[in-house]
Amino acid sequence: MVRLFQRHIKRKVSLLDGIWRFKTDPENKGKDEQWYKNFPSDSMEIVVPSCWNHEFDLYDYEGWAWYATTFTTTERNINLMFHGVTGQAEIFLDGDYIGSHYGGFTGFEFLIKDVNPGKHTLVVFVDNTLDDMNTIPLARVDWFHYGGIIRSVELMELKTAWIKDYKISYQLNASFNEAALTLYVTLEGMNEEEISDQLNIYIDDELIKTVPVTISGEVKLQINNIVLKNIKLWDPQRPNLYNIQFELHKDDVIERIGFREIKVENGKILLNNKEIKLKGVNRHEDHPDWGFAMPLKLMKRDMTIIKDLGCNAIRGSHYPNSEVFLDLCDQEGILFWEEIPLWGYPDKVLGNKVILDRGLQMHREMIKRDYHHPSIIIWGLHNEIDTRVQDAYDLTKSFVEKIRAIDNSRLLTYATMFPLEDICLSFVDIVSINQYIGWYGEELDEWPEFLEKVKEKLRNEGLSHMPIIMSEFGAGAIYGDSTFEGPKWTENYQEKYLDYTLKLFKDEPSIVGTYIWQYCDIRTSKEMCLSRPRSFNNKGLVNEYRKPKMAYWTVRKLYREME
Ligand code: GCB
C-alpha cells in the first residue's frame with residue numbers, strides 16, 4: 001500500500017512488491033561480474049519492501065547488495081517508481097543501466113519509452129554505506145543503519161500521453177471560506193506526433209474545469225481562477241480533505257489536499273488565524289522486527305497511541321517518513337514537522353560542497369513529494385549541526401533561500417543544540433531547542449536559569465518576537481525498571497523528568513510547542529551503542545514493542561489537560 005487514497009483510476013499501476021532475489025556484495029565485485037546481466041544463481045529470497053537486516057546473518061550488514069525481479073508489461077512506455085531505497089541506488093532494466101539516485105527516504109522514478117511489451121528483468125544495486133564526510137546522514141547517528149529497498153516499487157504502464165507532474169497551490173480569502181486555486185500541470189506525449197486531448201479537473205468527483213490541449217513533447221500548463229466557495233478548512237479537530245483529479249483521455253492522477261493557513265505572528269503559531277500550541281512527540285519510523293519498513297497496521301497503531309497520549313503534533317525525526325504515515329496524519333489531524341537526515345554535522349564537514357548539494361536535493365525531493373499534505377506545517381532544515389560556525393550559517397542561508405523559493409507556505413526551523421551561541425536563528429521562523437538538562441550532565445532544577453538565558457540572548461539579538469519550540473528533551477528509562485530510589489535509567493526518573501519539564505514549559509509564554517524525545521525506544525547505530533544500554537535509545541514513552549512506561553500516563557494526563 002503506497003497511499004491511503006486511490007491515486008489513479010485510469011492509469012495502469014501495479015506494485016512490484018513481493019519476493020525478489022537478493023545477494024550481498026561485500027567485495028564489490030557485482031559490477032565487474034555484471035550481475036545486472038547475470039544475476040548470481042546462489043542468491044537468496046527477500047521480501048520487498050523490507051530491511052535486509054532482518055535476514056539471518058545480515059543484522060549489521062552495511063554495504064553493497066543487489067536485488068532482482070521480473071515483471072511483464074503490455075504497453076510500450078513505462079514509469080518505474082521507487083518509493084525508498086537506502087543510500088545510493090542504481091537501476092538496471094533488462095541488463096541496461098537506466099539511472100541512479102542518492103538519498104534513502106524519498107522516492108525517485110524513471111520513464112522508459114519504447115520498451116518491448118513482454119517480460120522484463122529489473123535489477124537494483126543498493127549501497128547503504130555511511131561515512132563521516134560525504135553522506136547524509138553521517139555514520140555516527142543515533143539510529144540504526146538499516147539497508148535495502150525499504151518502501152514499495154511501482155510499475156506504471158502509460159498510454160500515448162501522461163500527466164507527468166502537477167502542483168496545486170491555493171490562497172484563502174480573509175474569511176477563510178473561499179480558496180483561489182492555481183494549478184500547474186505538466187503533460188508529456190510518448191511519441192513524436194501531436195496528440196489532441198483534453199485535461200479535465202475534478203474536485204471530489206465534480207468536474208470543475210476542462211482545458212483542450214495539444215500535446216507534443218512536454219507541455220506545461222498554469223490554470224488560474226478556480227475559486228472554490230464554502231470550503232471546509234482542515235484543522236486537528238476537523239481534518240477535512242478534498243480529492244483533486246487531473247484526467248486525460250487515457251491517464252489520470254488524484255491528489256488529496258486540505259485547506260489551511262499556517263503562520264507565525266507576535267511570537268505565536270497561528271493555524272487558520274487561531275493560536276495553536278503543539279503537543280508533540282518525536283517519532284522514528286522504527287520497530288525491531290521491521291526497521292524502516294513498517295507495515296501500515298503498525299503505523300496506524302502508532303497513530304492511535306500518539307493520539308491517546310493527547311498529542312496534536314509529531315516531529316518526524318530525523319528523515320522523511322513514509323507517505324502512508326503522512327496520509328494518516330492528514331486524516332487524523334496531526335500537525336507534522338518533516339526534516340531531512342542532516343544530523344549532528346560538526347564544523348569540519350559543514351563546508352563540504354557535497355553536503356550542501358545533497359542537502360538541497362533532499363529538501364527539494366522532500367518538498368516535492370509532500371507538498372500537498374495539509375498536516376505538514378514545518379520543514380526542518382537540519383538537526384544539531386554546529387550552528388555556532390560560519391559554514392553552518394552559509395548552509396542554513398542557502399537552504400532557506402532555496403526552500404522559500406519552492407514553498408513559501410510553511411514555517412521553517414531547525415533543531416539547535418547550541419541555543420545560547422547559535423548564529424543562524426534569524427533565518428528561520430521558530431527557535432527550536434534540543435536540550436537535555438537533567439539527563440546529560442546538569443541537574444533538573446537548572447532548567448529555569450537556562451530558559452532565562454535563552455530569552456536574554458533572543459532579546460539581545462532583536463529576536464524576542466520568535467516563538468520557541470522545545471524540539472527535544474527527555475530521559476532514558478529501561479522498560480520495567482521501576483524502583484523506590486528512582487535513579488537515572490529507571491521509569492521513575494523519566495516520569496519525574498517529564499512531569500517537571502512539561503509543567504515548566506507550559507507556564508512559559510514564549511514556548512509554543514513541545515516535542516518529547518521520544519515516542520518509542522529505537523535501535524541505535526554501532527557507532528553509538530556503547531553509551532546506550534541494550535544498543536537502544538531508551539528515551540521512549542513506550543518501549544520498542546509499544547508498551548507504555550510510567551511516564552506515558554503522566555504525559556497523557558498533562559497533554560490532555562492542555563487546551
Ligand atoms: C539528540 C538527537 C537525537 C538523539 C537524542 C538523545 O539531540 O537529535 O537524535 O537520539 O539527542 O537521546 O541523545
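Student: Before anything else, what counts as a cavity here?
Tutor: A cavity is a set of grid points where a 1.4 Å probe fits but cannot get out, and a lining residue has an atom within 4 Å of such a point. Keep in mind that this is a predicted model.

Student: OK, how many cavities are there of 30 Å³ or more?
Tutor: The count comes to two.

Student: Which residues line the largest cavity?
Tutor: Its lining consists of Gly103, Gly104, Phe105, Thr106, Pro320, Ile340, Pro341 and Met362. The space in the largest cavity is about 50 Å³.

Student: And how does that lining split by class?
Tutor: Five residues of the largest cavity's lining are nonpolar, three are polar and none are charged.

Student: What about the second largest cavity?
Tutor: The second largest cavity has about 30 Å³ of volume. Among the lining residues are Lys10, Arg11, Glu157, Leu158 and Asp251.

Student: Switching to the ligand. Where does it sit?
Tutor: The ligand is in the second largest pocket.

Student: Which polar side-chain atoms lie by an oxygen atom of the ligand?
Tutor: One of them belongs to aspartate 142, at 2.5 Å from a ligand oxygen. Tryptophan 343 also places a polar side-chain atom 2.9 Å from an oxygen of the ligand. For tyrosine 436, the distance from a side-chain N or O atom to a ligand oxygen is 3.3 Å.

Student: How much of the ligand's accessible area does the protein cover?
Tutor: The protein covers 95% of the 320 Å² that the ligand has on its own.

Student: Why point out a cis bond?
Tutor: Because most peptide bonds are trans.

Student: Where is another cis peptide bond?
Tutor: Isoleucine 136 and proline 137 are joined by one, again with omega about 0°. Proline 137 belongs to the loop between β9 (118–127) and β10 (153–158).

Student: And what is phi for glutamate 384?
Tutor: Phi of glutamate 384 is near 50°, a positive value in a residue other than glycine. Most residues other than glycine have a negative phi. Glutamate 384 lies in the loop between β24 (376–383) and α5 (390–406).

Terms used: Residues are numbered from 1 along each chain as its sequence is written. This is a predicted model: local features need pLDDT of at least 70, side-chain atom pairs count only at pLDDT 80 or more; totals for chains, interfaces and linings use all residues. Side-chain values use heavy atoms; hydrogens and water are left out. A polar contact is a pair of N or O atoms within 3.5 Å; within protein, one must be able to donate a hydrogen and the other to accept it, and residues adjacent in sequence count only if both atoms are side-chain atoms. Accessible areas come from the Shrake-Rupley method with a 1.4 Å probe; for residues, only the protein chains shown count as cover. On a 1 Å grid over the protein atoms alone, a cavity is a set of points where a 1.4 Å probe fits but cannot get out, and a pocket is an open set with protein on both sides within 12 Å along at least five of seven lines; lining residues have an atom within 4 Å of a point. A molecule sits in a cavity or pocket if more than half of its atoms lie within 2 Å of its grid points. Grid points are joined across faces, edges and corners, and a volume is the space filled by probe spheres set on the points. Ala, Val, Leu, Ile, Met, Phe, Trp, Tyr, Cys and Pro count as nonpolar, Asp, Glu, Lys and Arg as charged, and the others, Gly among them, as polar. Helices (H or I, at least four residues) and strands (E, at least two) are DSSP runs, numbered from the N terminus.
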